[in-house]
Amino acid sequence: MSRFEELMDAVKNDKTMEPMIRDMVNLEKELDRLRELPKIIVDPEDARHQKVTKAGRMYKEYLQTYTNMVKVVLRVSGGDQTEEDSPLRKWMNSHVDQ
């Protein structure tokens, strides 16, 4: 099963999600490529002077976009729901009706 098929299966083959899933798969490949590149350049004469590379900036930006996509897929797939209420939710529920 391809990564695209795996993610489409997770969102119950919702056709409205197809473009985002395609982008997500492509972004995963790009993140893998960027992960191998240097993220900072260190001045050889003074290690205190460092500079973020373009690959480092792109990686950070792409990772944030990817994280947002994962949140959407989790919501659509129902993966973000927990069976048990958190302690805060239990406390709120016990005090709302009073």
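## Briefing on a predicted helix-and-strand model

Thr 53 is placed in the loop that joins β2 (50-52) to α3, where helices (H or I, at least four residues) and strands (E, at least two) are DSSP runs numbered from the N terminus. This is a predicted model in which local features need pLDDT of at least 70 and side-chain atom pairs count only at pLDDT 80 or more, while totals for chains, interfaces and linings use all residues. Residues are numbered from 1 along each chain as its sequence is written, and side-chain values use heavy atoms, with hydrogens and water left out.

**Overall layout**

- The protein chain holds four helices and two strands, and from the N terminus on these elements follow the order α-α-β-β-α-α.
- Of the 98 residues in the protein chain, 21% count as buried, where buried means under 20% relative accessible area, exposed means over 50%, and partly exposed lies in between (1.4 Å probe, protein chains only).
- Among contacts in the protein chain with a separation of 6 or more, 48% come from residues 24 or more positions apart, a contact being heavy atoms within 4.5 Å.

- Thr 53 counts as buried because its relative accessibility is 12%.
- Leaving out residues up to four places away in sequence, Thr 53 touches Pro 38, Lys 39, Ile 40 and Ile 41.

**The nonpolar core**

- In soluble globular proteins, nonpolar side chains tend to be buried together.
- The largest nonpolar core here has 17 residues, and Met 17, Ile 21, Met 24 and Val 73 are those with the most contacts inside it; such a core is a set of buried Ala, Val, Leu, Ile, Met, Phe, Trp, Tyr and Cys residues joined through side-chain atoms within 4.5 Å.
- Two or more residues of this core come from each of α1 (3-10), α2 (18-35) and α3 (54-77), and α2 gives the most, with seven residues.
- Met 24, once its neighbours within four places in sequence are set aside, is in contact with Leu 7, Tyr 66, Met 69, Val 70 and Val 73.
- Met 69 belongs to helix α3 and, at 13% relative accessibility, counts as buried.
- Not counting residues up to four places away in sequence, Met 69 touches Met 20, Asp 23, Met 24 and Leu 27, and the C-alpha atoms of Met 69 and Met 20 are separated by 7.6 Å although these residues are 49 apart along the chain.

**Helix packing**

- The axes of α1 and α2 come within 10 Å and cross at roughly 135°, where axes are lines fitted to C-alpha atoms, for helices over the stretch in contact, and angles run from 0 to 180 degrees between N-to-C directions.
- α1 and α2 are therefore oblique to each other, given that angles under 35 degrees count as roughly parallel, over 145 as roughly antiparallel, 65 to 115 as roughly perpendicular and the rest as oblique.
- On the α1 side this contact is made by Arg 3, Phe 4, Leu 7 and Met 8, and on the α2 side by Glu 18, Ile 21, Arg 22, Met 24, Val 25 and Glu 28.
- α2 and α3 pack with their axes 10 Å apart, at an angle of about 145°.
- The residues of α2 that meet α3 include Met 20, Ile 21, Met 24, Leu 27 and Leu 31, and their counterparts in α3 include Met 58, Tyr 62, Tyr 66, Met 69 and Val 73.

**Salt bridges**

- Side chains of opposite charge can pair when their charged atoms come close.
- A search of the whole structure finds seven salt bridges, each being a side-chain nitrogen of Lys or Arg within 4 Å of a carboxyl oxygen of Asp or Glu.
- One of them joins the side chains of Arg 3 and Glu 28 (2.8 Å, N to O), and this pair links distant parts of the chain, with Arg 3 in helix α1 and Glu 28 in helix α2, 25 residues apart.
- Within this pair, Arg 3 counts as partly exposed at 31% relative accessibility, whereas Glu 28 is buried with a relative accessible area of 15%.
- Arg 22 and Glu 18 form another salt bridge (3.1 Å, N to O); both lie in helix α2, four residues apart, about one turn of the helix, and Arg 22 is partly exposed with a relative accessible area of 42%.
- Arg 48 and Asp 46 also meet in a salt bridge (3.1 Å, N to O), in which Arg 48 is exposed at a relative accessible area of 71% and Asp 46 is buried at 18%.
- Salt bridges that share partners join Arg 3, Glu 6 and Glu 28 into one network.
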